[in-house]
Amino acid sequence: MLVWKVNDLIFKIISVKPTKKNKSLFHVALENGKLYDIHQDHIFNFNIKHNTKIAESVIILASNETEKDQIKSKIILLLSYRSRSKKELKDYFLNKKYKISNILEVFEEMEDRAYLNDSDFAKMYATNLIKEKKLGKYLVEQKLAQHEIDRSIMDPIITQLYDKYPVDYLIDEIFKKKKWSKEFLLKNKIKIINHLKRKGYEWDDIKSIFDSK
């Protein structure tokens with residue numbers, strides 16, 4: 001049962017109309033000119049009816065519950081395509097103008113239920129960066145940091161992956177793709193060196209492969 005506070009602003013509900021795109025979502029208009037989108041379930045739960053009076057705080061609560069439901073559904077849909085970091089999801093919903101308080105509340109709930117897991121995302125993303133794109137450690141760390149992956153999660157994953165796919169192996173694979181030859185002109189060697197640097201490899205690792213060729 002909802003209890004109105006003494007300082008609640010009370011307004012008359014002047015209309016409750018289903019939206020054109022989604023018949024389960026209703027536009028609720030108050031006499032103060034404000035319009036709220038509220039799901040039909042919360043229309044019923046919060047006893048929202050045309051031509052009755054209601055505390056605006058109750059309408060806001062119903063609106064927030066509707067928005068949180070939308071966030072949950074969208075997260076499940078997005079994760080069905082691929083794993084995503086919390087940072088990526090947060091940016092997505094902020095760009096869609098969802099309230100940060102609702103976003104973070106849903107994140108906390110979905111983390112508790114193991115829907116959101118930055119460790120799983122970091123493993124998937126780092127594996128792709130190292131195994132498929134053959135990037136060096138510096139660049140892999142930078143890309144994971146962009147997703148706000150904590151060092152305590154990132155470091156053991158990166159270490160394990162480079163044990164499985166050693167740097168000298170990765171660089172050698174890049175050499176093969178570039179069809180490396182000892183007869184390469186100096187300018188071609190410089191191009192490969194610069195390419196490896198852009199991929200995040202340190203000079204000592206690059207030099208050691210060059211010396212062995």
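**Exercise 1. Which residues of helix α7 are buried, and which are exposed?**

*Solution.* Keep in mind that this is a predicted model.

Step 1: Pick out the buried residues. In α7 these are Met154, Ile157, Ile158, Leu161 and Tyr162.

Step 2: See where they sit around the helix. They cover an arc of only 125° around the axis, so they lie on the same side of α7.

Step 3: Turn to the other side of α7. There, Ser152, Gln160 and Asp163 are exposed.

Step 4: Ask what the buried side faces. The buried residues of α7 pack against α5 (118-132), α6 (137-146) and α8 (167-177).

Step 5: Check the length of the helix. Helix α7 runs over residues 151-164, 14 residues in total. From first C-alpha to last, α7 reaches 20 Å, close to the 20 Å expected at 1.5 Å a residue.

**Exercise 2. Find the salt bridge between Arg151 and Asp155, and work out how far apart the two residues are along helix α7.**

*Solution.* Start with a bit of background: side chains of opposite charge can pair when their charged atoms come close.

Step 1: Look at the gap. The closest N and O atoms of Arg151 and Asp155 are 2.7 Å apart, and the pair forms a salt bridge.

Step 2: Count along the helix. Arg151 and Asp155 are four residues apart in α7, so about one helical turn separates them. As a rule, an α-helix has 3.6 residues a turn, so residues three or four places apart point the same way.

Step 3: Arg151 has 42% relative accessibility and counts as partly exposed. Asp155 is partly exposed too, with a relative accessible area of 30%.

**Exercise 3. How many salt bridges does a search of the whole structure find? Describe two more of them.**

*Solution.* 

Step 1: Take the total. The search turns up 14 salt bridges.

Step 2: Go to Glu88 and Arg82. Their side chains meet in a salt bridge, at 2.5 Å from N to O. Arg82 is partly exposed, at 38% relative accessibility.

Step 3: Now try Arg113 and Glu109. These side chains meet in a salt bridge at 3.4 Å, N to O. Glu109 counts as partly exposed, with 30% relative accessibility.

**Exercise 4. Is Ser63 buried or exposed, and which residues is Ser63 in contact with, leaving aside its neighbours within four places in sequence?**

*Solution.* 

Step 1: Ser63 is in helix α2, which covers residues 56-81.

Step 2: Read off the accessibility. The relative accessible area of Ser63 is 16%, and the cut-off for buried is under 20%, so Ser63 is buried. Other buried residues in α2 include Val58, Ile59, Ala62, Ile71 and Leu78.

Step 3: List the contacts. With those sequence neighbours set aside, Ser63 touches Tyr36, Asp37 and Ile38.

Step 4: Compare sequence with space. Ser63 and His42 are 21 residues apart in sequence, and their C-alpha atoms are 8.2 Å apart.

**Exercise 5. Which residues make the nonpolar surface patch of about 240 Å²?**

*Solution.* 

Step 1: Name the members. They are Leu94, Ile100 and Leu104.

Step 2: Look at one of them. Leu94 belongs to helix α3, residues 86-95, and is partly exposed at 34% relative accessibility.

Technical notes
Residues are numbered from 1 along each chain as its sequence is written. This is a predicted model: local features need pLDDT of at least 70, side-chain atom pairs count only at pLDDT 80 or more; totals for chains, interfaces and linings use all residues. Side-chain values use heavy atoms; hydrogens and water are left out. Patches are made of residues with over 30% relative accessible area and no salt bridge: like charges are joined within 9 Å, nonpolar side chains (Val, Leu, Ile, Met, Phe, Trp, Tyr) within 5 Å. Accessible areas come from the Shrake-Rupley method with a 1.4 Å probe; for residues, only the protein chains shown count as cover. A salt bridge is a side-chain nitrogen of Lys or Arg within 4 Å of a carboxyl oxygen of Asp or Glu. Buried means under 20% relative accessible area, exposed over 50%, partly exposed in between (1.4 Å probe, protein chains only). The expected span of a helix is 1.5 Å times one less than its number of residues. The arc is that of the directions from the helix axis to the C-beta atoms. Contact means heavy atoms within 4.5 Å.
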